[in-house]
Amino acid sequence: MSVTHKIRPQAHRMIVAAAAVAAFAAAIFALHPPATYAAHAKGPVVSTAKTSLGQIIVNSSGRTLYLFEKDRNGKSACSGQCAGAWPPLITTGKPSVAGGAKASLIGTTKRADGRLQVTYNHHPLYTSIKDTKAGQTNGEGVNAFGAVWDAMSPAGAKIEKASPPPTGGGGGGGGY
């Protein structure tokens with residue numbers, strides 16, 4: 001019986017120590033979550049990039065962000081198949097800006113499905129599935145789903161691709 005008596009206080013101390021270590025670890029985790037969680041909660045970053053269209057706003061992967069001219073009053077008019085071709089920039093945290101993007105122009109709007117979509121100058125933002133890598137602007141000027149899609153400048157204005165020069169016909173003498 002004396003052997004059992006000596007083991008019990010040691011076992012009790014080990015359990016108390018283990019509980020203290022677990023509580024300490026839980027407190028550290030609560031105060032300093034893993035980076036993956038922190039990055040997710042932070043929200044997307046809207047930045048800028050130089051492209052063939054000039055300086056435009058892009059997502060954190062460098063993909064061009066577009067506005068849809070059918071959107072009204074800061075609300076998205078793109079859902080279903082449209083959102084499949086033009087994925088909305090969705091957030092679960094507060095979006096932020098980098099580069100030449102302006103913090104005063106960033107915001108969010110609630111979509112019909114309840115998710116939050118990032119806005120810039122009150123325009124809901126989208127990417128294009130036709131842009132497969134950073135710097136591409138294949139969605140610029142496309143008329144799809146009832147309206148035109150345009151890239152945006154850091155000032156929050158739509159960028160419209162310059163029309164090609166007229167071909168054939170009258171005067172002026174070449175150079176093209």
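# Exercises on a predicted model

Leaving aside neighbours within four places in sequence, tryptophan 86 is in contact with Tyr66, Cys78, Tyr126, Thr127, Ser128, Gly139, Val142, Ala144, Phe145 and Trp149.

## Exercise 1: The aromatic rings

Work out how the rings of phenylalanine 68 and tryptophan 149 are arranged, and then do likewise for tyrosine 126 and tryptophan 149.

*Step 1.* The structure holds five aromatic pairs. In the pair of phenylalanine 68 and tryptophan 149, the ring centres are 4.0 Å apart and the planes stand at 15 degrees, and because planes under 30 degrees apart count as stacked, this pair is stacked.

*Step 2.* Phenylalanine 68 belongs to strand 3 and tryptophan 149 to strand 10, so the pair ties together parts that are 81 residues apart in sequence.

*Step 3.* Phenylalanine 68 counts as buried at 2% relative accessibility, and tryptophan 149 counts as buried at 0%.

*Step 4.* Tyrosine 126 and tryptophan 149 form an edge-to-face pair, with 5.0 Å from centre to centre and 90 degrees between the planes. Tyrosine 126 lies in the loop between strand 8 and strand 9, whereas tryptophan 149 lies in strand 10, so this pair ties together parts that are 23 residues apart in sequence.

*Step 5.* Putting the rings together, Tyr66, Phe68, Trp86, Tyr126 and Trp149 are linked into a cluster by ring pairs.

## Exercise 2: The disulfide

Locate cysteine 78 and determine the handedness of the disulfide that it forms with cysteine 82.

*Step 1.* Cysteine 78 has its place in the loop between strand 3 and helix 3, and it is buried, with a relative accessible area of 1%.

*Step 2.* The sulfur atoms of cysteine 78 and cysteine 82 are 2.0 Å apart, and the two residues form a disulfide; the count of disulfides comes to one.

*Step 3.* The torsion about the S-S bond is about -110 degrees, so the disulfide is left-handed.

*Step 4.* Not counting residues up to four places away in sequence, cysteine 78 touches Phe68, Asp71, Ala83, Trp86, Arg111, Tyr126 and Trp149. One of these, arginine 111, is 33 residues from cysteine 78 in sequence, and the two are 9.2 Å apart in space from C-alpha to C-alpha.

## Exercise 3: A glutamine in a loop

Decide whether glutamine 136 is buried or exposed, and describe its surroundings.

*Step 1.* Glutamine 136 is found in the loop between strand 8 (123–124) and strand 9 (143–144).

*Step 2.* The relative accessible area of glutamine 136 is 19%, and because the cut-off for buried is under 20%, the residue is buried.

*Step 3.* A polar atom of the glutamine 136 side chain lies 3.2 Å from the backbone nitrogen of lysine 133. Beyond four places in sequence, glutamine 136 touches Thr64, Tyr66, Lys130 and Asp131.

## Exercise 4: A hairpin and the whole chain

*Step 1.* For threonine 109, the bridge partner in strand 7 is glutamine 117.

*Step 2.* The hairpin has five residues between the strands, and glycine 114 in this hairpin takes a positive phi near 95 degrees.

*Step 3.* Of the 176 residues in the protein, 34% are buried. Among contacts with a separation of 6 or more, residues 24 or more positions apart account for 66%.

Terms used. Residues are numbered from 1 along each chain as its sequence is written. This is a predicted model: local features need pLDDT of at least 70, side-chain atom pairs count only at pLDDT 80 or more; totals for chains, interfaces and linings use all residues. Side-chain values use heavy atoms; hydrogens and water are left out. Two strands pair if DSSP finds at least two bridges between them. Helices (H or I, at least four residues) and strands (E, at least two) are DSSP runs, numbered from the N terminus. Contact means heavy atoms within 4.5 Å. Buried means under 20% relative accessible area, exposed over 50%, partly exposed in between (1.4 Å probe, protein chains only). A polar contact is a pair of N or O atoms within 3.5 Å; within protein, one must be able to donate a hydrogen and the other to accept it, and residues adjacent in sequence count only if both atoms are side-chain atoms. Rings of Phe, Tyr and Trp (its six-membered ring) pair if their centres lie within 6.5 Å; planes under 30 degrees apart count as stacked, over 60 as edge-to-face and the rest as tilted. A disulfide is a pair of cysteine sulfur atoms within 2.5 Å.
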